[in-house]
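Please look at the sequence and the model before reading on.

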Amino acid sequence: MRAVAAFLLLALTGLAAAGEFRSIAENGTPMYDAPSVRAKKLFVASRLYPVEIVINIENWVKVRDQAGDLAWVEKKALSEKRTVIATVPVADVRQAASDQATIVFRVQQGVALDVAETPSSGWIKVRHADGLTGYIRISQVWGI
């Protein structure tokens with residue numbers, strides 16, 4: 001009976017975390033196939049790489065990346081900093097949340113951007129590592 005209760009608690013915890021995003025805190029963060037440093041390393045993630053929390057268990061978090069792949073990462077390796085990643089070949093970042101606004105800069109697919117403000121009306125304000133800011137269509141990024 002306790003095992004069933006523990007399983008249900010873990011399942012509910014995982015459901016509650018769905019849709020919650022974080023970013024990787026440091027370059028070279030290993031991503032594992034199980035919640036253990038002795039597990040198989042699947043890949044190494046870069047700093048600011050956005051991930052979606054799927055399950056949160058003690059010191060480990062199961063995350064989903066932009067490609068839909070699942071991996072385990074140590075909780076201490078995650079940052080509260082919100083980032084998004086460009087999902088289209090080239091995305092325009094504009095001065096205002098409008099298709100008619102001036103293009104401030106462009107980003108290539110896979111580039112991570114800091115979230116500067118909460119999304120609104122299909123746009124999100126972002127900040128590039130170089131310090132430039134602007135608005136990008138939500139449909140052109142992942143991590144929100």
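## Surroundings of aspartate 114

Leaving aside neighbours within four places in sequence, aspartate 114 is in contact (heavy atoms within 4.5 Å) with Leu48, Lys81, Arg82, Thr83, Lys125, Val126 and Arg127. The model is predicted: local features need pLDDT of at least 70, side-chain atom pairs count only at pLDDT 80 or more, and totals for chains, interfaces and linings use all residues. Residues are numbered from 1 along each chain as its sequence is written, and side-chain values use heavy atoms, with hydrogens and water left out.

The predictor's confidence in each residue, pLDDT, runs from 0 to 100. The chain averages 89, and 88% of the residues score at least 70. Over residues 1-17 the pLDDT is below 50, and this stretch has six contacts in the model beyond near neighbours in sequence.

Aspartate 114 sits in strand S11 (residues 112-115); strands are DSSP runs of E, at least two residues, numbered from the N terminus. Aspartate 114 counts as buried because its relative accessibility is 13%, where buried means under 20% relative accessible area, exposed over 50% and partly exposed in between (1.4 Å probe, protein chains only).

Leucine 113 touches Phe105, Val126 and Ile136, among others.

## Salt bridges

Side chains of opposite charge can pair when their charged atoms come close. The structure holds nine salt bridges, each a side-chain nitrogen of Lys or Arg within 4 Å of a carboxyl oxygen of Asp or Glu. The table gives some of them.

| Pair | Closest N and O atoms |
|---|---|
| Lysine 81 and aspartate 114 | 3.4 Å |
| Aspartate 99 and arginine 137 | 3.0 Å |
| Lysine 125 and glutamate 117 | 3.8 Å |

Lysine 81 lies in the loop between strand S7 (78-79) and S8, 33 residues from aspartate 114. With 35% relative accessibility, lysine 81 counts as partly exposed. Aspartate 99, in the loop between S9 and S10, is 38 residues from arginine 137 in strand S13 (residues 133-137). Aspartate 99 is partly exposed at 40%, and arginine 137 is partly exposed at 28%. Glu20, Arg22 and Glu80 are linked in a network of salt bridges.

Methods:
Helices (H or I, at least four residues) and strands (E, at least two) are DSSP runs, numbered from the N terminus.
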